[in-house]
Amino acid sequence: MLPSQHLLHTAVFALTVLQAFAADTFIAAVYEHSVILPDDTHKPVSPDEALALMNKNMDILEGAIKEAAQQGAHIIVTPEDGIYGWRFTRETIYPYLEDIPDPVVNWIPCTDPTRFSPAPVQERLSCMARNNSIYVVANIGDKKPCNSSDPGCPSDGHCHYNTDVVFDPEGKLVARYHKYNLFMSEKQFNFPKKSEAVTFETPFGKFGIFTCFDILFHEPAVVLVNELQVDTVLFPTAWMNVLPFLTAVEFHSAWAMGMGVNFLAANTHNTKLSMTGSGIYAPDGARAYYYNMKTEDGHLLIAELNSHPRLSPASLPAVSWSSYASSIKRFSLDDRDFEGLIFHDQFTFTKLINPEGNLTVCQKDLCCHLSYKMAGRQDELYVLGAFDGLHVVEGQYYLQICTLLKCKSTDPNTCGQPVEVAQTKFEMFSLSGTFGTNYVFPEVLYSGVQLAPGEFEVLNDGRLISKTRPTKPIVTVTLFGRWYKKD
């Protein structure tokens, strides 16, 4: 780099830092990427072939990063698997991996690419950040040699980690996170020996990072927010939507609200695998989000966020989630209850028979209470449901869920099956439950998989209530509780 170019870059970077210091807000970007996938093969490709595929994906990501920077973004998050995709065995992923050093080494790959072992992907990501004066968050694979005498060392002598990296506006590696809670299909990767709580400071707040399935577990997700007090969480993900509660946009928005932090979620885009749904979320609702199951296009989101959301007047007050529900008597009797499955979990349901009323349904220690009034009844069946138990399908974690739910048809046997479209509006609803956990995430999902930012609120006694009259047509209203201590 010529001296004049270096001085120009330094001046631009310094100006960016000063501007960020002077502001209580920052501009965030996430990019939902339609990943170019490798061929499905059982034989490893050459390193050159692997890099050629990764460069095709990085060409697209670089375009999104440039556009985000031109629109003033300070940071951009790209998806899990966004550089090499999936379809790997342990053997076939190896050519795609690089040795990623600990950030304490104070390394800028863009200006010093030969300091460590060959790392063309890290070099290019570093240059994207440096050339555009923006924080870049990406997901790549880390390989580390291990001692064959260690019982945890694989027979091939090295560990593979699903890894997030963060480069600052100078191109310096400032964060490296190894995914701790691997999804069941990630057999090409190893678990790190212990969970990592990765944070880094920026001129616009303290940031933490974890990946996809990690969000459902105490470590590292809750540790970052409650113990390390991060302001913003970065979340590369490859999220396969599961209605009615685990669609990306609804759950990620609810998690940001329940935890009281900013949440930048960048999803991969693949409609065949039901992968879509990215967003920029604040504690009081979505600032921008994207859900598209019709086309295979990528999409860039940009929005402004408070640097320190806990200090914002819009921040939720402390909620006693069981306060209201524990103080009232049951609204209805057990003789109307019936059982049904939602994502393999057996719920207890009761029907909303009348256009308005009060209902209770209980399962084990959880009783869910609903007060409601429909705004003109449609020929649709709604139920109030409760689940209090251990979910055991793609992982084991303890849930307590209260939900107002539209059934797929008027046949009660369809209650719990995926539904995206509804017609019934509500004049009001109030949902609460006798939760045994303080980790409860409030969701309202409208017809067409649309969120409802600003159209509902959570009272400090644990009631989730509507604010608009009438609402838009409702698919679900849910309080999704995680009882980590019972896992």
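**The contact between the domains**

Mentor: The chain is divided into domain 1 (25–311) and domain 2 (322–486), with bounds that come from an automatic or database domain assignment. Residues are numbered from 1 along each chain as its sequence is written. The model is predicted, so local features need pLDDT of at least 70 and side-chain atom pairs count only at pLDDT 80 or more, while totals for chains, interfaces and linings use all residues; side-chain values use heavy atoms, with hydrogens and water left out.

The C-alpha centres of domain 1 and domain 2 are 32 Å apart. Domain 1 puts 29 residues into the contact and domain 2 puts in 31 residues, where contact means heavy atoms within 4.5 Å. Between them the domains bury about 2,500 Å², 75% of it on carbon and sulfur atoms; buried area is the accessible area (1.4 Å probe) that two parts lose on being put together, summed over both. On the side of domain 1, Leu243, Phe245 and Tyr289 lose the most area to domain 2, together 26% of what that side buries.

Between domain 1 and domain 2 there are zero salt bridges (a side-chain nitrogen of Lys or Arg within 4 Å of a carboxyl oxygen of Asp or Glu). Five residue pairs, both residues at pLDDT 80 or more, are in polar contact (a pair of N or O atoms within 3.5 Å; within protein, one must be able to donate a hydrogen and the other to accept it, and residues adjacent in sequence count only if both atoms are side-chain atoms).
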